[in-house]
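Please open the model in your viewer, with residue selection and distance tools at hand. The stops below say what to select next and what is there.

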Amino acid sequence: MKKWISILMVLTLTFSVAACGSSNAAPVESEGTSQTQEGIEAEAEASVNEQTIYPVTLTDQLGREVTIEKEPETLVSGYYISTSLLLALGCKDRLIGVEAKAGSRAIYRLAAPQLIDLPSVGTAKEFDLEGCAALKPDLVIVPVRLKDSISALEELGLTVLAVNPEDQKLLTEATLLLGEATNTLPAANSLIRFQEEQLALLADALKDTEAPSVYLASNSSLLSAAGPEMYQNSLIANAGGSNAAAELTGDYWAEISYEQLLAWDPEYMILAADASYTVDSVTGDPNLAGCRAVKEGHVFQLPDAIESWDSPVPGSTLGNLWLASILHPQEYPEAQWKDAAATFYETFYGFTPDLENLYAEE
Amino acid sequence: MRKNDPQPPVSCSDYSLWEKRMLTATFLITVTLSLLSLSIGKYPLTPALLLGGDPQAVRVFLTLRVPRTCMALLGGFGLGIAGNVFQTVFHNPLASPDIIGVSSGASAGAAFGILFLSPGIFSGSSPGLSSGGLPVTLSAFCGGLLAVILTLALGSLSRGRFSAGKRDASIVLAGIAVHSLAQTLLMTLKLLADPEKELASIEYWLMGSLGGISLYRLPASLIIGVFSALGICLLHRQILLLSLDESESRMLGVSVGKLRLTVLLLATLLTAAVISNTGLISFIGLLAPHTARLLTRSSRFPTLLLGGLWGSLLLLAADILARSAGSGELPVSIFTSLLGAPFLIWLVIKGKGEP
């Protein structure tokens, strides 16, 4: 009997939370749809399905089965992508510990300045097991590359989820996983819908365009290229370009020579958002004087004032849109990606981005 | 080490002929490899394009392909003869430029440059973005030099504690200490580095590559390198005297301390001029002189030259493979070791280089 009463209570609570959750998190899709009685009922039903009922057993991105006993009130995230994801899911007040160097992330300053002062649990190189345990979080989220630390954390009595948001598909998976784990599925679904809708609009706008060749260089050096198996390749493809470095193999940055870059002779050169060199140093490099992108003034750096859209963060879709507006300004004008960016950050991060100054001042 | 060498053959003139033959053969192989190096690369260069005056093809050839080949040729030569000097001066067959801290000092210097000196500092005068460009080259060069100066200074401080014959041992000990210090510094810098940005550059620098060499980065190193190499060649007789016991050298009228200092500084300048541009290149400094000695079984001037040529040959071959074996650029050190080690082992097993 007691069990039935508690189930009933959980369901009632679920309904009430779901109602306000969905109205907050999904302003994007409500526009232009007529709210019939059936529609409202269907949405209510969907919201029920979007509630997490604890204890819940989830399969994380290492394939481990993890049981979360109750809705986690306190979270620790050991990776900037999962931290950014948790912000987008509306969990900023639940975070009690984040990865090291949080102060260097502009998005934290803009969306949740309190994160910068939170205790650091180290980096993906050096995770601080004791520091993390001392915070006694309900749930710890770590990148899969910290898998060796997971068993130690579990022995300390912590619940750990491993995430691997290294490309768009894995990011979507991670979004759903964290949505379910933190009982924020409505926001997670809304986030995924936003990304899918924007990419569909983009694909539609670019369907009759020719793909110019684009060379994407890494943060460390202009001569370090993104090959076709890298996440950055999808950035180029979605934006209606073709990867100049398509012949490279391997899923990590490949070192190349000036000669190779000149042989590819790309129409556009795009520098990674956090590049340690500048557009000027590329256009002023005499070794590249004969290169098409340099001659035509087609050397650009991905914006970095908000976050680096060339890594698989929730806002990475905006990187696709930005690049499309560079490669195809007629078909996909600048105003369109700026609208999308403003909507995105206002909806999911709660701040209005300054889209006139796209680059952080050094 | 000279004491343990096999006795020279009876007839000196025979030896000269063999040395000459070896030198000529190695020289011819090196020339062939140089030509091959000029004709292999990612940019589709053809004689027709070059003779036709295609501006981009000519520019690639003159500013990238030729400088890269020159760097492999002269860099390998420099590392080869510098290695010979270190082995002779320290009476130690295992001595390589790192024994007095050149390489580890240069590594720490490069890491420092990658982390703290933005390429923008010299942007007007210094093109060349790979591995950070001129600031990194300069920083690596200064790091290598600084480490050696520190080693020599520490070595001379311990003057009283070592007997006259063991003076070089004090330098080697100081070198080991400086090497460890530089390694610690390097480790700290790596820890500070952003894994996405600087750490990747540091790691790649430590593996060595000629991919970023261009005409615009070559001249300063070339001048320093050629000057030091010439100095070493001119001082070759005196260097040989250093391989004797210190007391014996002194009896032969050699000012051991000054000479050793000069020679070590020249070899350091030479090594630093090369590796500050290319990143660490493993094994050549050790392997090339040994190969030459095993082939000629002497330590006279032709052997010094032969060691240099073997260095050129190895670096050229390794660089050709580094740029053509994969879809991108591969680290050159992989190939210097891969090519050099089996050959050295074969020579050691075979034991004799006599005709």
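Which residues in H8(B) meet which residues in H11(B)? Before selecting them, note that this is a predicted model, in which local features need pLDDT of at least 70 and side-chain atom pairs count only at pLDDT 80 or more, while totals for chains, interfaces and linings use all residues. Residues are numbered from 1 along each chain as its sequence is written, and chains are lettered from A and ligands numbered from 1 in the order in which they are written.

**Stop one: a helix pair in chain B**

Select Ser221(B), Ile224(B), Gly225(B), Ser228(B), Ala229(B), Gly231(B) and Ile232(B) in H8(B), and then Leu266(B), Ala267(B), Leu269(B), Leu270(B), Ala273(B), Val274(B), Ser276(B) and Asn277(B) in H11(B), which they meet; contact here requires that the C-beta atoms of two residues, placed from the backbone, lie within 7 Å. These contact residues divide into nine nonpolar, six polar and no charged, where Ala, Val, Leu, Ile, Met, Phe, Trp, Tyr, Cys and Pro count as nonpolar, Asp, Glu, Lys and Arg as charged, and the others, Gly among them, as polar. Helices (H or I, at least four residues) and strands (E, at least two) are DSSP runs, numbered from the N terminus.

Now show the two helices whole, residues 219–234 for H8(B) and residues 256–278 for H11(B): they pack at an angle of about 150°, with their axes 8 Å apart. That angle makes H8(B) roughly antiparallel to H11(B), given that angles under 35 degrees count as roughly parallel, over 145 as roughly antiparallel, 65 to 115 as roughly perpendicular and the rest as oblique. Axes are lines fitted to C-alpha atoms, for helices over the stretch in contact, and angles run from 0 to 180 degrees between N-to-C directions. The crossing of H8(B) and H11(B) is left-handed, a term used if the near helix is turned anticlockwise from the far one by less than a right angle, with right-handed used if clockwise.

**Stop two: around helix H12 of chain B**

Staying in chain B, select Arg293(B), which lies in helix H12 and counts as buried, with 23 C-beta neighbours inside 10 Å. A residue is buried if 20 or more other C-beta atoms lie within 10 Å of its own, exposed if 12 or fewer, and partly exposed in between, with C-beta atoms placed from the backbone. Leaving aside neighbours within four places in sequence, Arg293(B) is in contact with Ser299(B) and Thr303(B), and its C-alpha atom is separated by 7.7 Å from that of Gly307(B), 14 residues apart along the chain.

Then move to Arg297(B), in the loop between helix H12 (284–296) and helix H13 (301–324). Its phi is near 55°, a positive value in a residue other than glycine, and with 19 C-beta neighbours inside 10 Å Arg297(B) counts as partly exposed.

**Stop three: where the chains touch**

Display both chains: the contact takes 34 residues from chain B and 32 residues from chain A. On the side of chain B, H3(B) gives the most, with six residues, and the residues of that side divide into eleven nonpolar, 15 polar and eight charged.

**Stop four: the sheet in chain A**

Select the open sheet of four strands in chain A, whose order is S4-S3-S5-S6, with parallel pairing. Strand S4 (95–97) and strand S6 (160–163) stand at the edges, each with a single partner strand, so one side of each is left without a neighbour in the sheet. Two strands pair if DSSP finds at least two bridges between them; S5(A) and S6(A) pair over four bridges, and Pro143(A) has Val163(A) in S6(A) as its bridge partner. Along S6(A), Val160(A) and Ala162(A) point one way and Leu161(A) and Val163(A) the other way, and all are buried.

Just after H4(A), Gly90(A) takes a positive phi of about 80°.

Next, centre on Pro55(A), in the loop between helix H3 (37–49) and strand S1 (56–59) of chain A, where a cis peptide bond joins Tyr54(A) and Pro55(A), with omega about 0°. Finish at Asp265(A), in the loop between helix H11 (258–264) and strand S11 (268–271) of chain A, whose phi is near 45°, a positive value in a residue other than glycine.
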